[in-house]
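Biologist: I would like to go through this structure with you. Could you show it to me?

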Amino acid sequence: MRRRFFVATVPLVMLLIAAVVIPAAIFLAQRHTSALLNDRLLDAARFVSLIESAEGEDDERLAAELDNYAELYSSRIWLIGRDSEEIHVAGDDADAGPPDEALAMLDLAMSGDQPTSERTVTPFGPETLTLVTPVGHDSQVSAALIMEFPTDSAQQRVLYGWGVVGLAAAVPAAALCAATWPIAGWVLRPLRRLASSIDRVRRGEMDVEVEIDSGPPELRGVAESFNEMSRTVVSTLERQQQFVADASHQLRNPLAALHVGLENLEADLEPGEEAQESYDEAMQTVLRMEALVDDLLQASSLPAAQQDPLSCRMQDLRETSWQALAASYGGRVDVVLDPATVAQPTGGLETLVEELLDNAFRLGRAESVLVRGVRQEEADTYRLTVDDDGRGLAQDELHLPGTRFWRSTQNQNLPGSGLGLSILKQGVADAGGALSVSSSARGGLLITVEVPLH
């Protein structure tokens, strides 16, 4: 998050610096260009004065002046008459004629104007500039002096000026960029803490509060609101859990007394099937209520999901308890498990399989159950299936197992509360997995448990 803030802020800082540096660089280039042109204009004015005063009497001296100047400043000079003839040419390769830029300005000079070059000298060019100066005034213009001179000295001055400006801009730019990183940390620190706290709450660690000792006031306010919400949620959950636990504990004693009282009444029953049936029905109801209270106690004491679930090695699971359970129902269980280390559901994977086997034999009337574990490398999960050959469920009931207090119509008279599979399903979800129920090709149910590889 800090990196994204930094990446988003630095370009804005660079744009701000560029908005100052670029106009300054342009101004420097224009100033040095103007200085160079002004110097050459002064030189051209002196030559024009010599030309006007010579009036054909001292042409040799004028030619010598122009030749010396062209050699000294590595320039090229053309003195063009009114009828476009070349009166004098000075400088290397001047015989090739004036540059195109000069020809474009020549007509303006012949009309008495002083045309100026629109090009600006930068470290990248142009290599030369051209100046055209009229000899005479208004309609008295008799010739035009064309000077083409190098710009290397101006280019060096512009380059030096740009270097100074760039260095002057680099220091505050570096300071701003360096300050952006700690500022981003200060601004985003409450958000990071808030995100970490939300993740802990998502993983089941409810008693979480965000530190609000730093950061902008607006974000500290958000953190304080989260803390208040967290305290409210924790208080509500604790009250609900405590109510279920207290209610379950308070119900156990009256139910135990009712159970004992019913057993004591059995000896005083009137002879006949009707009295015995009423007694059996009342006893079954009490037994179901006792089982329901026990399951409620177990559900209320179920620990919340841990941030780092414990691991379990599949090859270390004790299958002897599963075999003993199957034998107690007169059935058989076959176990085929790929070795792997997985995230362990709440209550333990061994207990989970044992509960599923008990449901298969006791409720599903299965004779044999196949427990198989397969490592899913592509999905980074481990798939454990409990496949029985019992009586299964109707298609319209397959989505109901795992729902709290739901029991199949064919198991209404058997002990149980309908909370067992719901508790198992929640325990698997706490470990980051999932539990699903479907029909088995063997005739019974296929319970699929997928847990992450640890």
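Modeller: The notes below concern the sheet and some salt bridges. This is a predicted model, in which local features need pLDDT of at least 70, side-chain atom pairs count only at pLDDT 80 or more, and totals for chains, interfaces and linings use all residues. Residues are numbered from 1 along each chain as its sequence is written, and side-chain values use heavy atoms, with hydrogens and water left out.

Biologist: What is the order of the four strands in the open sheet?

Modeller: The order is E2-E1-E4-E3, with antiparallel pairing. Strands are DSSP runs of E with at least two residues, helices are runs of H or I with at least four, and both are numbered from the N terminus; two strands pair if DSSP finds at least two bridges between them.

Biologist: Which strands are at the edges?

Modeller: Strands E2 (86–90) and E3 (128–135) are, each pairing on one side only. Eight bridges join E3 to E4 (residues 143–150), and Leu129 has Phe149 in E4 as its bridge partner.

Biologist: Turning to salt bridges, how many are found in the whole structure?

Modeller: The search finds ten, a salt bridge being a side-chain nitrogen of Lys or Arg within 4 Å of a carboxyl oxygen of Asp or Glu. One of them joins Arg46 and Glu65 (3.7 Å, N to O).

Biologist: What does that pair tie together?

Modeller: Arg46 lies in helix H1 (residues 2–54) and Glu65 in helix H2, so the pair ties together parts 19 residues apart in sequence.

Biologist: And which side chain meets Glu101?

Modeller: Arg119 does, in a salt bridge of 2.8 Å, N to O. Glu101 is in helix H3 (residues 100–110), and Arg119 is in the loop between H3 and E3.
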